[in-house]
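Please examine the sequence and the model below. The dialogue that follows takes up a few structural features in turn.

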Amino acid sequence: MRILIIRHGDPYYPTDSLTEKGQREAELLGERLVKEHITHAFVSPLGRAKLTAAPFLRKAGMEATELEWLREFPVGLPEDFAYTTAGGGKNRCPWNMPPETWADIPGIYDAEGWRNAPMYADGTILKRYDAVCRGWDELLAEHGYTRDGSVYRIADGWEEKKETIALFCHLGLGNVLLSHILHLSLPAVWHTLFLPTTSVTMVYMEKHLPKPIAHARLVQVGDTSHLYAGDEPVSASGLHTGEIR
């Protein structure tokens, strides 16, 4: 089984839609994805993700299943941990914290220890994180892979199905999924892995037969080769600097 985590196109947040650039990105993405042999498509309920999926779905003659837990991670930092942005405003986005506020917290890079960091102490981010993880585990169990610690047990016959699942979602949410799937610290993933607009991140469920066990392997992260092929610049949407160079 392969899992494709796909961020939406260049966004126009006031209307939860795509910019003209985002629409071009989505078309190029659709041309790429029709070659990926996708068997199941799932999409966030937010407009920018649906618009990103639309060209592929049209080209492939498929429909996507909407999943509530795929929406962009909706929980911000507690007010006490709000930080000042470059423009002088206050922000509570949990994956944009300045490094001096999180990078040296003991246990922050540990796969379980990060949960004890002070900015998560009120439990709101942890509660939503766990809900997303449950949603993912339930989805994968429907496709024959049951979570068991940091590995997955494969149901009889499922290792031969050759499925490819596509998830059209968001930057913060995509990194939440990677944290859980790969059993990595959430803040470490949030702050170190950038997923550009319409990028494709691929996880391969590697089988370890004869035991019916699979382990998640990250094959590519934030791939935008379809944009380069279409002579479309990579968007810096979501980066503090506003540019990639």
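**A buried serine and its surroundings**

A: Ser199 counts as buried, because its relative accessibility is 1%; buried means under 20% relative accessible area, exposed over 50% and partly exposed in between, with a 1.4 Å probe and protein chains only. The model is a predicted one, in which local features need pLDDT of at least 70, side-chain atom pairs count only at pLDDT 80 or more, and totals for chains, interfaces and linings use all residues. Residues are numbered from 1 along each chain as its sequence is written, and side-chain values use heavy atoms, with hydrogens and water left out.

Q: Where does Ser199 lie, and with which residues is Ser199 in contact, leaving aside its neighbours within four places in sequence?

A: Contact means heavy atoms within 4.5 Å. Helices (H or I, at least four residues) and strands (E, at least two) are DSSP runs, numbered from the N terminus. Ser199 is placed in the loop between α5 (186–192) and β11 (200–207). Once neighbours within four places in sequence are left aside, its contacts are Ile5, Ile6, Arg7, Gly222, Asp223, Thr224 and His226.

Q: How many helices and strands does the chain have, and what is its radius of gyration?

A: The secondary structure amounts to six helices and 12 strands. The radius of gyration is taken over C-alpha atoms, and the globule rule is 2.2 Å times the number of residues to the power 0.38. For 245 residues a compact globule would have a value near 18 Å, and the chain agrees with its 18 Å. Along the principal axes, the C-alpha atoms fill a box of roughly 50 × 45 × 30 Å. Of the 245 residues, 51% count as buried. Among contacts between residues at least 6 apart in sequence, 65% join residues at least 24 apart.

Q: How is a pair of aromatic rings described, and how many aromatic pairs are counted?

A: The description of such a pair rests on the distance of the centres and the angle of the planes. Rings of Phe, Tyr and Trp (its six-membered ring) pair if their centres lie within 6.5 Å; planes under 30 degrees apart count as stacked, over 60 as edge-to-face and the rest as tilted. By this rule there are six aromatic pairs. One of them, Trp102 with Tyr109, is tilted, at 6.0 Å centre to centre and 55° between the planes. Trp102 is buried, its relative accessible area being 7%. Trp114 and Tyr129 form an edge-to-face pair, because their planes are at 80°, with ring centres 5.1 Å apart. This pair links distant parts of the chain, 15 residues apart: Trp114 is in the loop between β7 (90–91) and α3 (124–142), and Tyr129 is in helix α3. Both Trp114 and Tyr129 are buried. Elsewhere, ring pairs join Phe73, Trp95 and Trp190 into a cluster.

Q: Which salt bridges does Lys21 form?

A: A salt bridge is a side-chain nitrogen of Lys or Arg within 4 Å of a carboxyl oxygen of Asp or Glu. By this rule, 15 salt bridges are counted. Lys21 forms one with Glu25, with the closest N and O atoms 3.1 Å apart. About one helical turn separates Lys21 and Glu25, because they are four residues apart in helix α1 (residues 20–33). Lys21 also forms a salt bridge with Glu232, the closest N and O atoms here being 2.9 Å apart. Glu232 lies in the segment after α6 (225–229) and Lys21 in helix α1, so this pair ties together parts that are 211 residues apart in sequence. Glu232 counts as buried at 9% relative accessibility, and Lys21 is buried with a relative accessible area of 17%.

Q: Which residue other than glycine has a phi near 55°?

A: His37 has this positive value of phi. His37 lies in the loop between α1 and β4 (40–43) and counts as exposed, at 64% relative accessibility.
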